[in-house]
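Open the model in your viewer and keep the selection tool at hand. The stops below say what to select and what is there.

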Amino acid sequence: MTPDEAVVGCTGKLILGTRGAGGPGEVLVQVRGGTETFLAYSDEPLARGTTVLVIESRGTRQVVVMPWTDPLLSGDEGGAR
């Protein structure tokens, strides 16, 4: 299967938690001006509702994700108040 490079670097939210080595979850990813669902794999289990970053495409509709916190939205970075 050909990897879907357009999805790498996109963020999404898990709609079904991942189970690490136990199996995939499902993620809703903001890509191509809309949202699409993909099977989501991760090294460690991640809970439903976790915001994630897509770090790899495994081919059609399958991605590898990691937990993600947008650094621009976190408030304790010492920025202007």
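Which charged end sits over the ring of phenylalanine 38? Select arginine 61: its charged end lies over that ring, 4.4 Å from the centre. A charge counts as over a ring if NZ of Lys or CZ of Arg is within 6 Å of the ring centre and within 35 degrees of the ring normal.

This is a predicted model, in which local features need pLDDT of at least 70 and side-chain atom pairs count only at pLDDT 80 or more, while totals for chains, interfaces and linings use all residues. Residues are numbered from 1 along each chain as its sequence is written, and side-chain values use heavy atoms, with hydrogens and water left out.

Next, select arginine 58 and tyrosine 41. The charged end of arginine 58 sits over the tyrosine 41 ring, 4.2 Å from its centre.

Now select residues 34-41, strand β4. Strands are DSSP runs of E, at least two residues long, numbered from the N terminus. β4 pairs with β3 (residues 25-31) in the antiparallel sense over 7 bridges; two strands pair if DSSP finds at least two bridges between them. Valine 29 stands opposite glutamate 36 in β4. The two strands β3 and β4 form a hairpin with 2 residues between them, and arginine 32 in the turn has a positive phi of about 55°.

Last, select leucine 28, found in β3. Leucine 28 has a relative accessible area of 33%.

Key
Helices (H or I, at least four residues) and strands (E, at least two) are DSSP runs, numbered from the N terminus. Buried means under 20% relative accessible area, exposed over 50%, partly exposed in between (1.4 Å probe, protein chains only).
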